[in-house]
Amino acid sequence: MEPPFGKYSTSAQRTPSIFILLILAVVVLGLIPLYHPFNWYSGGLIIRNPSEISPTYFPFEEQKIEIKEAEKCDVFCGKWILNPDAPYYTNVTCTEIHDHQNCMKHGRPDSDYLKWRWRPNGCELPIFNPFQFLDLVRNKSVAIVGDSVGRNQMQSLICLLSRVEYPVDISDNPDQSFKKYKYTTYNFTLAIYWSPFLVSTKEVDADGPCHTGLYNLYLDEADEKWTTKIEGYDYIILNAGHWFARCSVYYVNNQRVGCRYCGLPNVTELPSTYAYQRAFKTTLKAINNLENFKGVAILRTFAPSHYEGGNWNEGGDCARTRPYGSNETALEDQSMEQYRIQVEEFEVAEKEGKMKGKRFRLMDTTRAMLLRPDGHPSKYGHWPNENVANDCVHWCLPGPIDSWSDFLFHMFKIEAIRSLEENLQ
């Protein structure tokens, strides 16, 4: 059976007339010039001159199909199917892969985990096309705000785009957790803002009772490290999840209200979901209160870990080599609660945002990534002699996380269509 997500589908709002659809199809083509190819080439090929590899491509037909299906198809509900053409880059052709996601470098012996793509139920999700994507984001900007899984997503996107162009580092912060890149040919800016809890945070003990640090979380204060920076962006992608399992002390109105495994006397023990819900409520409310933010806020949902045989610090691992089928697993317990909270708070913020002219979108990666226990670094994010825990949280590059760019590509095309609809009304 399908994982229990039915009530949280993300269907489009309405179906325009066929006449309007045809007009939109023609106009949207202006965003995607006809000379850009859809390249089914391997990751070992670096494109120097795109015109040298230009198979016949009919974007008009593709666009008509996509516009029609976008109004009725939940692209986030589906299954993984074989894709012998993948991967579209390697650890040799992309220089942006961090060591702990470089599974090829560290000797992962199997490669089947690279040969899958996401197929929604009832429609197709086109494979990411770097040429078309860069056309869609020409003169635009994207900021990813959150934790290291968000950084994982950014690196995947850079690797996929490297077939067209590498960006220039224009970072104005020496901290590697705050990076800003520019694709000069397209005047496209891509940035990452490190904020694993999304709210104001203070590390009070680098070790703490959990040996992963002890943090004060101010759950009613959005983190100014990103709120003061994102007003000029066209898109922001928000994410947070795994850090909320860490030992933390919770504050509201500067008053301590409880904690998770803090070990402090006379402090109420609260579940991490308490902090998770308050943090997302505060985060989304902060965006609604940003008067000068005119972009689209995308909430990327939680990507579950896949530890088996113990927790991350108890020898747990993720050694599977194939995806789950949709009837082989289900979202449960903590992961289900985190997903429920995100969708619930998103719906509240979206409703409030519509009255203020704000735009919120849900990028539901939870269902797809639940089915990919095979895509984590596991023990191949480090050398065998290193005393490092198996990584079943992040994703190999290349790997399943590349499909997030398929989702993003689709969502950006829908945004272009929505903008044209609004202009025609």
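The expected span of a helix is taken as 1.5 Å times one less than its number of residues. Helices (H or I, at least four residues) and strands (E, at least two) are DSSP runs, numbered from the N terminus. The model is predicted: local features need pLDDT of at least 70 and side-chain atom pairs pLDDT 80 or more, while totals for chains, interfaces and linings use all residues. Residues are numbered from 1 along each chain as its sequence is written, and side-chain values use heavy atoms, without hydrogens or water.

Helix α9 covers residues 403-424. Its 22 residues should span 32 Å, and its end C-alpha atoms are 32 Å apart, so the two values agree. Of these 22 residues, 17 are buried (under 20% relative accessible area, with exposed over 50% and partly exposed in between; 1.4 Å probe, protein chains only). In α6, 13 of 17 residues are buried.

Nonpolar cores were defined as sets of buried Ala, Val, Leu, Ile, Met, Phe, Trp, Tyr and Cys residues joined through side-chain atoms within 4.5 Å. The largest has 55 residues. Phe133, Phe188, Ile298, Trp404, Phe407 and Phe412 have the most contacts inside it. A second, separate core of 45 residues includes Trp226, Ile236, Phe280 and Ile287.

Cavities and pockets were located on a 1 Å grid over the protein atoms alone. A cavity is a set of points where a 1.4 Å probe fits but cannot get out; a pocket is an open set with protein on both sides within 12 Å along at least five of seven lines. Lining residues have an atom within 4 Å of a point. A volume is the space filled by probe spheres set on the points, which are joined across faces, edges and corners.

The largest pocket holds about 1,500 Å³. Of its 47 lining residues, His242, Ser305, Tyr307, Trp312 and Val393 are closest to the centre. Helix α7 gives the most to this lining, with 4 residues.

There are 3 cavities of 30 Å³ or more. The largest cavity holds about 200 Å³. Its lining comprises 21 residues, with Tyr88, Trp116, Gly399, Asp402 and Ser403 nearest the centre. Strand β2 supplies the largest share, 3 residues.

Gly357 sits in the loop between α7 (333-356) and β13 (359-363). Gly357 counts as exposed because its relative accessibility is 61%.
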